[in-house]
Amino acid sequence: MTRGPVRRSTRTPIRSRRLGRPPESTFRASAPVPASPQRVAKQPVPPVGAETPHILRTPVEPTPDQRKKVDALLAAIRKEHGNEAISRLGDYESVVGTFATGIPSLDAAIGIGGFPLAKLVQFTGAESVGKSTMTNYLAAVAQHHGITVYFLDGEMSEERSRVESIGVNTELLSISEPETLEQAFQYMDTGIAKLRMFSTPSLIILDSVAALPMRVDLERPYDQEGRRAARASFLSANLGKLVHGLKGSKVGLIFVNQLREKANAMPFEKPTYSPGGRALRHWCHLSIEFKRMQQIKQGPNVVGIASRLR
């Protein structure tokens, strides 16, 4: 049996009519899709030290109109709030008092030629990396420079023979053993207020922030869970008040801190943190991290450790 010629329908396909599209033959002849734009090549990063043009490399030369506006602002605020309320930054004394630590590499790393005064400095690191030894060494160096040192021992680990072997004059070292972090802040606030009256360089050391318990922790029973973030909340509320007392003085402040392990640290993040929350890191003018590198031996005996400060 022979089939007849195949007849093709000229009607628009039902699917195309429902979607509002032209017939398949017309749809295939539509304009081609434009190609995706080519990626713009990244500009190469200039090497360190290379001269790159920048509009802010030199200060702008003030115009008479700008000077007039600044003078008007100064006059208005001084008239309303006093002459000490505002000044030009060029007239402001911004020199930071320092004393040489006796470690040239540390003075160079700090960047201002020595250990700063009238600032809050944090020492952080794991156990047995030399934090307390460094604080006692700085106390001995400060005494040689005629600086008054006040030590708050929160870990109750200071021993007379040990600090004397480092070079500290124990007759000139004032020491307190606060029971709580709140009491330590009260001692430091009173010490800052008294030492700044002498107008001579002074140094206050707290060892350590993490070791001192909170008052609420001492008052609760052992079977009761402690208040969460109590230390961070206290530091956030009171660090500003304490650091404000350092302004315009010659009193330096050192906080020794410890490290804690994060419970659920991701593989790409740092597994440790310093107790005290973000407030302590924000209020610190300088933070020095200690990391143990190796042991120092004399024959088979270990006589010390080498730590890296960052």
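Student: What does "buried" mean for a residue?

Tutor: A residue is buried when its relative accessible area is under 20%, and exposed when that value is over 50%. This is a predicted model. Phe 115 has a relative accessible area of 1%, so Phe 115 is buried. Phe 99, at 4%, is buried as well.

Student: How is a pair of aromatic rings described?

Tutor: By the distance of the centres and the angle of the planes. In the whole structure, a search finds five aromatic pairs. One of them joins Phe 99 and Phe 115: the centres are 5.7 Å apart, the planes make 50 degrees, and the pair is tilted.

Student: Which parts of the chain does that pair tie together?

Tutor: Phe 99 belongs to strand S1 (residues 98–99) and Phe 115 to strand S2 (residues 115–116), so the pair ties together parts 16 residues apart in sequence. Phe 115 also pairs with Phe 123, edge-to-face, at 6.2 Å centre to centre with 75 degrees between the planes. Phe 115 and Phe 123 are both buried. One aromatic cluster is formed by Phe 99, Phe 115, Phe 123 and Phe 290.

Student: Now the charged side chains. How many salt bridges are there?

Tutor: The count comes to seven. One of them is between Lys 69 and Asp 65, whose closest N and O atoms are 3.3 Å apart.

Student: Why do residues three or four places apart in an α-helix point the same way?

Tutor: Because an α-helix has 3.6 residues a turn. Here, Lys 69 and Asp 65 are four residues apart in helix H3 (residues 64–81), a separation of about one helical turn. Lys 69 is exposed at 57% relative accessible area, while Asp 65 is partly exposed at 44%.

Student: Which residues are linked in a network of salt bridges?

Tutor: Lys 270, Glu 289 and Arg 310. Between Glu 289 and Lys 270, the closest N and O atoms are 3.3 Å apart. Glu 289 is in strand S10 (residues 286–298), and Lys 270 is 19 residues away, in the loop between strands S8 and S9. Glu 289 also meets Arg 310 at 3.0 Å, N to O. Arg 310 lies in the segment after strand S11, so this pair ties together parts 21 residues apart in sequence. Arg 310 is exposed, with 61% relative accessible area, and Lys 270 is partly exposed, at 43%.

Student: Is helix H5 mostly covered or exposed?

Tutor: Mostly covered: eleven of the 14 residues of H5 are buried. Among them are Met 134, Leu 138 and Val 141. Helix H5 runs over residues 131–144 and reaches 20 Å from its first C-alpha to its last, close to the expected 20 Å. Gly 146, which follows H5, has a positive phi, near 80 degrees.

Terms used: Residues numbered from 1 in each chain as written. Predicted model: local features only at pLDDT ≥ 70, side-chain atom pairs only at ≥ 80, totals over all residues. Heavy atoms only, no water. Helix = DSSP H or I, 4+ residues; strand = E, 2+ residues; numbered from the N terminus. Expected span 1.5 Å × (residues − 1). Buried < 20%, exposed > 50% of the residue type's maximum accessible area, 1.4 Å probe, protein only. Phe/Tyr/Trp six-rings, centres within 6.5 Å; stacked < 30°, edge-to-face > 60°. Salt bridge = Lys/Arg side-chain N within 4 Å of Asp/Glu carboxyl O.
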